Amino acid sequence: MSALINALSTRELAEIDDEISHAPYRSAVAIDALKIVQAHRGWVSDESIKALATYLEMSAAELDSIATFYNLIYRRPVGDKVILFCDSVSCWIRGCAKLEQHIGDRLGIKRGETTADNRYTLLPVPCLGACDKAPVMMVGDDLHENLTADSIDAILADDSTSRGEHD
Amino acid sequence: MPTIYIDGQAHEVSEGDNLLQAALGLGLDLPYFCWHPAMGSIGACRQCAVLQYQDEDDTRGRIVMGCMTPVTEGARFSLAADRAQAFREDIIESLMLNHPHDCPVCAEGGECHLQDMTVMVGHRDREYQGRKNTHRNQHLGPLIHHEMNRCITCYRCTRYYRDYAGGTDLAAMASHDHVYFGRHEEGVLESEFAGNLVEVCPTGVFTDKSLVHDYTRKWDLQSAPSVCTACSVGCNIMPGERYGKLKRIHNRFNHDVNGYFLCDRGRFGGHFVNSEDRIPAVGKRDGDGRFSAVDADSAVSSIAALLRQGKTIGIGSPRSSVEANYLLRELVGAENYCTGMSAQEGALVQHALQQLEQSQALVPSIRAMESADAVLVLGEDVTNTAPRIALALRQSVRNKAYAMAADLRLEAWQDAAIRNLAQDQRSPLSVLSVAATRLDDVASHTAQLCPDDIARVGFAIAAELEGALPAVDLGAELAELAKTIADTLRSADIPLVVSGTGCGHSGILDASAAIARALTGPDRPAQLSFCLAECNSLGAALVADGAGMGLEEVLELAAQDGIDNLLILENDLFRRTSCSKADSLFQAAGNVVLLDTLTTPTCDNADWVLPTSSFAETEGTLISQEGRAQRHFPVFNSVAPIRENWRWLLDIGHCAEVATCKSMVHFDDVTTSCANTIKTLFGICAAAPAASSVPAADKVPRQTHRFSGRTAMRANISVHEPRQPTDEESPLSFTMEGHSAEHNGALLPYVWSPGWNSNQSLHKYQSAVGGALQGGTAGTRLIEPGDIDAAQESSGSTAPALNAGEYRLVPLYRIFGSEEMSVRAPAVAQLCRPAGLEMPASVAAELGVSNGDGVTLTATTGNVDLEVTINDSLAANCVGYSHGVSGTGGLVPGSATKLCRAENWQRAPELIGTDRGATTA
Amino acid sequence: MTDRGLTHPLTRNVHQDKRVTDLAAYEANGGYRGLRKAVEMTPADCLQVVKDSNLRGRGGAGFPTGMKWSFVPMDNAPPGHKYLIANADEMEPGTFKDRLLMECDPHQLVEGMICSAYTIQADIAYIFLRGEYIKSAQTLSDALREAYAAGYLGKNILGTDYSLELYLHTSAGRYICGEETALISSLEGKRANPRAKPPFPQVSGLWGRPTIVNNVETLCNICHILDRGADWFQQLGHGEDAGTKMYGVSGNVVNPGCWELPIGTTVREILEEHAGGMLPGYKMRGFLPGGGSTDFLTEEHLDLAMDYSTIGKAGSRMGTGTMIILDDQTCPVGMVKNLIEFFAHESCGFCTPCRDGLPWTRDVLEEIEAGRGREEDMGILNHQVAFIGAIGNTHCALAPGAMEPLQSALKYFPEDFERHIAGQSCPYCDAG
Ligand SMILES: Cc1cc2nc3c(=O)[nH]c(=O)nc-3n(C[C@H](O)[C@H](O)[C@H](O)COP(=O)(O)O)c2cc1C
Ligand code: SF4
Ligand code: FES
C-alpha cells in the first residue's frame, strides 16, 4: 500500500492534502486529485489510479468510474501539450471544420491522435465560451481566438519554442 | 389506503407505494428495468412510463415514470393510453439499438426480462440502420460470465453490487452511450454476493458460468423447492436439474429469510452434487482392504444383522436432516446417539440453543434483522460464517437514512435521493471480532480482541445497560468502548445482538444473551441471533434432546470398553477431530458403517459405505439458526444404488426390526414420528405440507409446462419414453402436469407467469409486490421468545492462560473453504486456498517468517504445519487458522499454542488462477 | 462612472481592454457596498429585497431567485452546513457571458456570493468553474485571496457574527455538470449524474444538506440589488422582467460580442445595433435566442423583446440570452447535426432516451448531411423529437434542450432537409 502511495510525488500529495483539508471525506476530492495528478504527469495512468484510490480510501474501480466520466481527464497518454479545438456550433458556423483539417494536415494527426514527436495531442472540445471570437482553440493553457489558417501556423510556430507544461 | 384511478378504474392501493409497485400489485403489466423491489427506484430506464392526469378534466396528461411517482389519493393515471404505450415502445427500441441479436446463444434466453418486456410492449420492427456499439468483456473469475454487449445500461448491477452489497470493485465506467459496467481491470469479483448479479441483471450481461458451460434453458430445468445447506442461515433455493445433473441454483424467495438474494457459497457451492467424488456404489471392504461393490439389499440386511449384535454407536451429522438424525437415533438408541459434533462444538450449540429458548429477546428472521436500528456483532465473522446475515446487517445500517428520509417525507423507494440525503450517516453497527471483518466498512465501532476480551467487553456492555450486573474490570479504552456501544443499543428502537459459535467460546454466547436480556423491555423487542456452524447444527442438537454425545465422548467410550459398531451418518470425522483421534476411534470400533454422498477420508476407514443422495435428491427438514424448520425436496431422483439417507436408515431399521421403525414407511412418517417423540421438534410437520395433503392429480409439477425433449433426452438409450417416476414422498411430481404451487409458499419449484418468463414473475406469487408469498412464508419457527429469562452465571473467561511463547489460537473463516461440501464444487474450489495460519507482522517477525513461509503449530493433538499469512488486524497475541479447511481438523479454537518456523517447508507456487485478496479470511 | 453603475451594474468594471478589476479598483467604484448594507440587514430582510426585485435566474430557466431561496430551511433548520454554489460551468454552445464577468470583474461575483450566502445563511460556498476557463480561475483565485485578506471572507465577516468559506472548484469537463443536481454530484467527487427532484437541492443538496445553485450572472446581480434596492432593479428592465441582461451574439455578424442591456431589449436592437448586423454578403435565416438548447426563431421574431415570457410565447426560450445566428450560407441541417453531436456526446448516459436516442438522431442527421438521407429519415427525426424532446420523458432537461434546435429546424427549414434527401448531397457544401 505504501509502495502505491509512493507512486505519487510529494508535491502531488501536498496539493491533494490541501483539497482534503476542506472536504468532508477523502474520496470527495477524487476529481480534484485526478486533475492534480494530471497537471503533473499529463495524463492519469492505471498506476496513478491505483495509487490515488488507495490514498483517497476508495477502490480503483470507483475512481476509474469517475475518471472515465469526465472529458478533461486523460486515461491515455497525451503529448506535451493538448490542443483543445472547439468544434461547437458558433465555431462551426465560422468554419472550424476546415481549420481542424488544416491543423491536422500540418501536424500529421487526426483528432484523438498525438504527433510523432509527442508534442501535441489534438482533441475536440465542446464550446469554449468564446463564441464571439470564433473559431477558437486552446493550446495548453492558452486560448487563441479568431483563428485563421495563417494564425494557426503562427501559433504553432511560436509555440514550438516553448516547452511542455507538465513535469 | 389511497384510491387511485388507472384507465378510469378505481383501485385501492397501499400508502407509500409508487405507481409501478401499485400497478404490478394490481396484476397490471407495466414494464420496467431499473426498479427492483429490494432496491427501489432511480428513474433511469424510463421504461415504466405512464400518463398522469392533473384531474378529471385533464384529458391530455403527461408522461411520468411509474416507479418515481407516489400514489396519492385521487391520482389519475393511464397505462393504456396510446402515448404511454408508444413511449414505452420507443424506450425498448432505444435499448435494442445496441443490443445484439444473440438470444439463441444467450444463457439468459427464455428467462430474460428484456425479452419479456420487449414482447410486452409489442416492439417488433426496428428502424435503426446503424452499427451497434460493442465492448470487450472481462474475466470476472470462475463464477460469473461477462458479456457487456448485451447491456441495456439500467444500472441495476452497480446499484446492487455497490450500493446494496457493499462491493467496491464493479462500477460504471465512461459515459453517454459508452457506459461500461466492469472492473478497473480484469479479475475475480470480490464481493461474496456477486452471484446475485446473475438474477439482478435483466438481460444476459452477468450469467452463471457453470450454467453457461453446461447449458439448459430455464423451461427445461426440473426444479423443486430446496434449502441451501452451505451454512446455518437456511436460504431458500431453487436448484435446477437436467440429465441427472444440477445445472444451477437460483434464489427462492422467502420473505423472512433470504428475500431476493443468496451468497456465492450457496449459489455456486451446490455443484458438489455433480462431483466425480460421488460415491457410486454400495461398498464393502474386503480382507485386503479394498472395496467391492455389493448389492444394496444384502448390504442392508448385513448391516441390520450387525446392529442386532453388540453395541452400536450412531454418529449423526449437523449437515444431515432432522429425519436422518432422528432415524439414526432410533436405530442405535438415544443413549448411543452422538450429534456428530466435537464435544466443544456440541456443547456450544446446546448452550446457544438454551440461551435462545430462554431468552425473552426475539430470535430474529433475516428480514427482522434488517429492521434493527442498532446492531452489535459479538465475536462472529458473519460474512464468512453466515454470509446472508452480513448482507442483512449491511441493510440495517441504512435505517438511519430511512429515518432521515421520513423527516423529509421521502418514500423509502426513493433510492438515490435517500442515499444522497444520508451520505455516510448510518445506524450504529459495532463489530467486535478477532480480526478485521468485511462488515467493518459500514461499522460505527470496531475492535479486534481475543475471544476472552470480546466476552468481557460484552459483559461490560450488559453491565452498562443493567446496573445490577457485576461490573467488569476492563482497561479505560475498552470500558469507554463498552459504554459507547451500550449507548447505541440503549437508544435504539430495535437493538440486535448477533453472535455465534464461531469463536468457540461460550462466554461470548453468554455475554450476548446478557446484553439482549438487559435490552429487552416491555415495549422493546430486542433481538438475539446466533450463527451456528452448519445447516442443521440446531437440528442435530434438538434431535439429541438434551442428551447426545460429542465425538470426544465416543472416543472415551471406545477407549474404555470398545465399540462393536459405528454407524456414521454423513460425517467426516477428520474435519472434527485430529487424525490421531479419528484413527484411534476407527481402530477401537469393530465395524464402521458410513453413509455419505462424497468420498472423504472417513470413507477410507469404513467397512461398509452406503451412497446417499445429495440435498438435491432427497427430502429433509433442516433447522436454521433462526430456529426455522424448513423442508427441502428432491429436485431429481438419484440413480440406484444411491438412496436417500433416511431411506437407507429406515430400510436398515425395518430389517433390524427396530420397534419405532415398524410403523414408518414414508418420509412423512419419519417426520411425524420425530415430531411426536421429541417435544421441541413438535412443530416440524408444519414446515411444509405432507405428501398426503394433495391428491395425486393435484401435485405440484417440478417441470415447467414447456419442458421439452422428454423422449428425445434418452433416445440414445431407447425411443420408448419410460413412465415418469412417481413421487410418493412429497406433494410434488416429476411431471409437467399438475397444480401450481400458489397455495403454498413452501412448495414453489420455480416462478413463471404468462408473459413473465424471468424471475421477475415472482411478484405474481406475492401478496404485495416485494411482500410475502401468497401461499405463505416457507418454514415454521420453533423458537419464540421465552417468558422466563433468568440471568445466568457465566465465567466469561474460559480460555487457558497463555504461557510465555504461546499464542491464542483462534479460528478464522472463509466463505470459500470453511464449509465442507461447497468446496467440492469445481468453480468454488478454484477460489479456495490451502489452510494457513494468519498472524500479525510482529508475531511473524518474532518467528522469523513472512508470507508464504511455513510454521509448525504445536497442538495437544500433534503438530501441524501451516502456511503463514500476515494479517495485522488480528487481536494481540492471537494467531488464526483457517477453520474447516483440510488439515486443520484437530485444532481447538481458543487453545494456547506454540509456534516455530517450519523446517523443510516448500513454498507454494504462485497461484495464477485467482487474485482474490490474500488477506481476506 | 457612477452613472454607468446605475444603468450597467454588471459591466461597470468591464473595460475595453478586458483588464482585471482588482480589489482596490473594485472598492473605488462602490465595490462591497452591497455587502456592507446586507450585513446590516437581517437575512430575512435581504431575502425580501431579492424577492421584491423580481430577479429571475440567468442560468437559462429563469426561475425567480428569491422564491428559490425561500425554500431553504432557515430558523428551524437542522444543525449543519448550508451551501451556496455559483454555477460557472458555462458550457452551453454559443454562450460566453459568465466568462466575461469572471475574467474582468471577479470581485463582483465574490461579493454577490457573499451577499447571497448571507441571505440564506450558508456557511460554505463554492464556485464551480469550467475547467477550460484558465484565466477565470486565475482572476477568481486572486480575488478570493484579496477578499479573505480584506475580511470579506472567512471568520466574522466585516466584524459580524457571520462567517463564510468560499472555495474555487475547477471542473473536469462535462456539459451536464451545468445542470444543478449533476453539478452537486460532481462537486461531491462523483460522476455527474443528475438527481431526481424532489427532494430539491434547497433541502437536500450538496452532501445531503440545503444548497442553492445559481448562475454567475444571477449572483452578480445580488450585490447591486441589496445596494440600490428592489425598485431600482425593477425599473432597469424594459418589460415585465427586471434588471439588465448580458446579451450576446455569435455567428456571421459584423461585431459579435456580449453586452449588458436592459432586459427586454428587442432582438433587432441587439442584432442590428450592437452586433452591427450581418456580415456583408450574408442574410439572416434564423437564430437560437439563448444558446444551443433553444428553439430557432426567424426574421418574423426580430422585433420581439428578449425576455422570458415573450420569447417563450414565440415558441423558444430566452435561455442564456446569447444568440447564435444562422445565415443563408450555413446549412441548417449541418448546424443542427453539430448541436446534436454535442448533446449526444455530453449525455451523462443515465437515462435511455437521451443516452441511446441522441446518438441515433445524430446518425440520421449525419447520413442526411452526407447525402445518404432516406425519405423515412424525416419520420424518424420527427419521431425522435417527440420521444426525447418532451420535458419529463427524460431524467433531466439536457435531452429536451438538445431537441429544441432540431424540432424548430424541422418546423422552419423543412425544405433544407428535403433538398438534402432529394439531391443526395448537402446543397451548402460548396458554399459552406
Ligand atoms: C444540461 C444543462 C446544462 C446547464 N448548464 C448550465 C450552466 O452551464 N450554467 C448555468 O448557470 N446553468 C446551467 N444550467 C441550469 C442549471 O441547472 C440551473 O438551473 C441554474 O444554474 C440555476 O441558476 P439560476 O437560477 O441562477 O438561473 C444547465 C441546465 C441543464 C439542464
Ligand atoms: S437526459 Fe438523462 S442521460 Fe441525458 S443528461 Fe439528463 S439524465 Fe443524463
Ligand atoms: S423502472 Fe421506472 S424508470 Fe426504470
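C661(B) is buried, with a relative accessible area of 0% (buried means under 20% relative accessible area, exposed over 50% and partly exposed in between, for a 1.4 Å probe and protein chains only). The structure is a predicted model, in which local features need pLDDT of at least 70 and side-chain atom pairs count only at pLDDT 80 or more, while totals for chains, interfaces and linings use all residues. Residues are numbered from 1 along each chain as its sequence is written, chains are lettered from A and ligands numbered from 1 in the order in which they are written, and side-chain values use heavy atoms, with hydrogens and water left out.

To stay with the cysteines for a moment, the sulfur of C661(B) has its closest cysteine sulfur in C655(B), 11 Å away, which is too far for a bond. C228(B) is likewise buried, with a relative accessible area of 11%, and its sulfur lies 6.1 Å from the closest cysteine sulfur, that of C235(B), again too far for a bond. Over all chains, the structure holds zero disulfides (a disulfide being a pair of cysteine sulfur atoms within 2.5 Å).

Over all chains, 29 aromatic pairs are found (rings of Phe, Tyr and Trp, the last by its six-membered ring, pair if their centres lie within 6.5 Å; planes under 30 degrees apart count as stacked, over 60 as edge-to-face and the rest as tilted). One of them joins F69(A) and Y70(A) edge-to-face, at 5.0 Å centre to centre and with 70° between the planes. Both F69(A) and Y70(A) are buried. The face of F69(A) also has R174(C) over it, at 5.1 Å from the ring centre (a charge sits over a ring if NZ of Lys or CZ of Arg is within 6 Å of the ring centre and within 35 degrees of the ring normal). In chain B, R285(B) lies over the face of F291(B), at 4.5 Å from the ring centre. One aromatic cluster brings together Y25(A) with Y83(C), Y126(C), Y167(C) and W207(C).

Turning to the interface, chain C contributes 54 residues and chain A 38 residues to the contact (heavy atoms within 4.5 Å). The two chains bury about 3,500 Å² between them, 58% of it on carbon and sulfur atoms (buried area is the accessible area, with a 1.4 Å probe, that two parts lose on being put together, summed over both). On the chain C side, E132(C), A172(C) and R191(C) lose the most area to chain A, together 17% of what that side buries.
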